[in-house]
Amino acid sequence: MSRKVMSKIALLVIIAMLTAILGACGGDTGGTTTTAAPGETTTKAPDGSETTDAGNGEKVTLSFWHIQTQEKQAKLIQDSIDRFVADNPNYEVEVEPMQNDAFKTKLTVALGSNTQPDIFPHWSGGPMIEYAEAGKIADLTEYMNKDGYVDMFMPAGISQATYQDKIWAMPVENLAVAMFFYNKQVFADNGIEIPETLADLEAAAEKLKAAGIAPFSLANKTKWTGSMYYMYLVDRIGGADVFANAATRQNDGTFEAEAFTKAGEKIQEWVNKGYFNEGFNGLDEDSGQSRALLYSGQAAMTLMGSWIVSTITSENPDFLDNLGVFPFPAVEGGKGDPSGTVGTVGDNFYSISSECADIEGAFTALTYLLDEQAIKDRVADGKIPPINGVQLENPMMQTVLDLATKAKTNQLWYDQYLVPEMGDLHKDTSQELFGLTKTPEEVNAIMEAKAAELAG
Amino acid sequence: MSPASTRSLSSRQRSIIGTAALFLIPAFVVLGVYMFYSIFDSFRLSLVDWNGVSPDKTFVGLANWQELIGDARFRLALLNNFKVVIFSILIQLPIGMLLAFFLDTAGKKANVFKVIWFLPLLMSSVAIGFLFKYIYDPAFGLISPLSRMLGGKNIDLLGNPSLALFAVIIVICWQFIPFYMVYFLAGLSSLPVEIYEAAIIDGATRARYFTAIALPMLKNTFINAVILSMVGSLKYFDLIYVMTEGGPSGSTELMATYMFKNAFTTMRMGYGSTVASAMFLIITFTSLITMNIMRRGGDK
């Protein structure tokens, strides 16, 4: 009898232990999340020099998280920080690179328990606004304006980092706009010219389909991939203001505007006509399932952020010669400017925690991420730092940069612009548009209802 | 310890208990901090409206719980979870048992199978997720070419809302069958050899030994396996997250992925904690009820 009770208790404990992970996920388990590994990250400043420094003698330690985990980029950041420490030996910087998804979780937990690192990246937009409103990040306006440092940056990047007339972050990593990237060979074999208008694009798609090639390659498990088609269509059909008005609830803006409906209808029309590869809603962009179609010539083009060039450079360099780029075509009768782009001018902005003991020092550290050497290294790695007058060796990146510089408007990715709750809803609903499980009207109504609810 | 514990404890016994308590303290501290406190904290957070970032947590009482009760997405996730439970138990346990029986009767000759069949359990879920993502790829995977060879069309599994969940369940089973195989194998080898020999001498076939003797004797092992599988399936997260992220159209959403989405993606830590707490309650009660029903059957 008592044995039975004992075994029951034992089982209960086992169940409790098995379910404990939930508790750990939900709770702010503070301490566990902030340990940096100083061993691997201490800077190479000569130890003897620290006493000779004119500073207050006390070492200031800064913690720095970033998500540039690819080998070259991680080294690039470490080099920048090493230069900073070499010039300012009274600082010590703990650099901790981490994976994108893990970072998001970790940062949320750290911010919630006020243990965030001194310097950390984000994508501006909705989350940055939340950090600013919660008083988690420092206002950098003063430092940015000092000696006209701010003039070095592309204005579009600074405007993305600005909220309520204050600059909250520094745009550093990359200018990334979505464009059509295509397989030149496939276009040539099928006699296709670069489409100037949506009608051209659809004519090209028909031709490709007849040849048994999927016109567009898409991996939409990732959701933001399909969203790019939607954002461009909305922009070209309704102009740049439609979305901004709907999102900010200004000028009678609504997610039920005609442009959203038309964009949704166009996407579903394309899906029904088979313009996308099979099974796109189950494919994963991060594991390269859409690029594989492009490489093999089973698909002709893909609408993707310009980082694809650097991805292909490291993944399949032989394909680069065969890769072409053109901007999203104009829509006949649409209100949008055909030069307008969708993307981000900064893509990884760095903010400084308002809890940081030495904000000025941290800012100085940040400037080393864009010193001459760092800019050169970034360009060499196929990135476009969001600063004026960058010279690029790669002609395709130069094309992207020219198009982006000429753009009269730039729309930040919806899922980054919107508050996280709306952003996620947009991604879910746009996937449903592609999956034909919801009509454009239903999607609009859901978005509008949520926007109205959040606006209160 | 001695079953007849009515007598007063000797001083030696008392000192043993004291020492044991001392040695258990670290374990209890760890459990207390990382388990009981976290669980308690989840419940506390389920009563607030909090984005996980801001210093202000607004106490909203049971509003989150009310929302949860009316939340169609959560109900869908719960339903999906129960599908995973049912298929996991129906697929994993019988196959695991058969493999275990085969290994048990085949003896040393089958050691190579023991190793091979155990491999899936050693791989990380993320690696398995990626592996099967490629296997299921409708253009380059393994399934579609097979189908084309047989004159069919390309098959899209993960992108099809009505098939995606089953596609993932198959992978989950592939991953966990080895666990139950080893579990049952341990159970089978703990049965006395004499019983087996006696049965064979009495003229029983191996199949009859298995169904009439081994299975009934493994009843408790089996019950524990069912409960393990149930709890595991109810809190399942990794493969879904890697392979579908709950999509397309929510067709593979589970409670755990929904919790993660709320707490960390849409920054609704309060509501995410509500989902976590609800999961805790649902899993605990489902397990208790199942345990009771199955034990009662065993009591005769």
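A: Let's start where helix H12 (residues 258-272) of chain A packs against helix H20 (residues 440-455) of chain A: the angle is about 135° and the axes are 8 Å apart. Helices here are DSSP runs of H or I with at least four residues, strands are E runs of at least two, and both are numbered from the N terminus. Axes are lines fitted to C-alpha atoms, for helices over the stretch in contact, with angles from 0 to 180 degrees between N-to-C directions. That angle makes H12(A) oblique to H20(A) (under 35 degrees is roughly parallel, over 145 roughly antiparallel, 65 to 115 roughly perpendicular, the rest oblique).

This is a predicted model, in which local features need pLDDT of at least 70 and side-chain atom pairs pLDDT 80 or more, while totals for chains, interfaces and linings use all residues. Residues count from 1 along each chain as its sequence is written, and chains are lettered from A and ligands numbered from 1 in the order written.

Which residues make the contact of H12(A) with H20(A)? On the H12(A) side they are A:Phe260, A:Thr261, A:Gly264 and A:Glu265, and H20(A) brings A:Pro440, A:Glu441, A:Val443 and A:Asn444 (contact puts C-beta atoms, placed from the backbone, within 7 Å). By class, that contact has three nonpolar, three polar and two charged residues (Ala, Val, Leu, Ile, Met, Phe, Trp, Tyr, Cys and Pro are nonpolar, Asp, Glu, Lys and Arg charged, the others, Gly among them, polar).

Stepping back, chain A is divided into domain 1 (60-173 + 347-370) and domain 2 (175-344 + 403-455), with bounds from an automatic or database assignment. The C-alpha centres of these two domains of chain A are 30 Å apart. Nine residues of domain 1 of chain A touch ten residues of domain 2 of chain A. On the domain 1 side, helix H5 (125-133) and helix H7 (155-160) of chain A are the elements giving two or more residues, and H5(A) has the largest share, with four residues. That side of domain 1 divides into three nonpolar, four polar and two charged residues.

Now for the partner chain. Chain A brings 45 residues to the contact and chain B brings 52. On the chain A side, the elements supplying at least two residues each are helix H1 (2-26), helix H4 (100-112), H5, helix H13 (289-296) and helix H19 (420-435). H1(A) gives the largest share of that side, 13 residues. The chain A side has 18 nonpolar, 18 polar and nine charged residues.

For another helix pair, look at chain B: the axes of helix H3 (residues 72-106) and helix H7 (residues 164-189) of chain B come within 6 Å and cross at roughly 40°. H3(B) and H7(B) are therefore oblique to each other. Their contact comprises 21 nonpolar, five polar and two charged residues.

Back in chain A, two loop residues deserve a glance. A:Asp165 is not a glycine, yet its phi is positive at about 65°; it belongs to the loop between strand S4 (162-163) and strand S5 (166-167) of chain A. A:Asp347, likewise not a glycine, has a positive phi of about 30°, in the loop between strand S11 (341-346) and strand S12 (349-352) of chain A. Is A:Asp347 buried or exposed? With 27 C-beta neighbours inside 10 Å, A:Asp347 is buried, whereas A:Asp165 has 6 other C-beta atoms within 10 Å and is exposed (20 or more within 10 Å is buried, 12 or fewer exposed, in between partly exposed, with C-beta atoms placed from the backbone).

Conventions. Contact = placed C-beta atoms within 7 Å.
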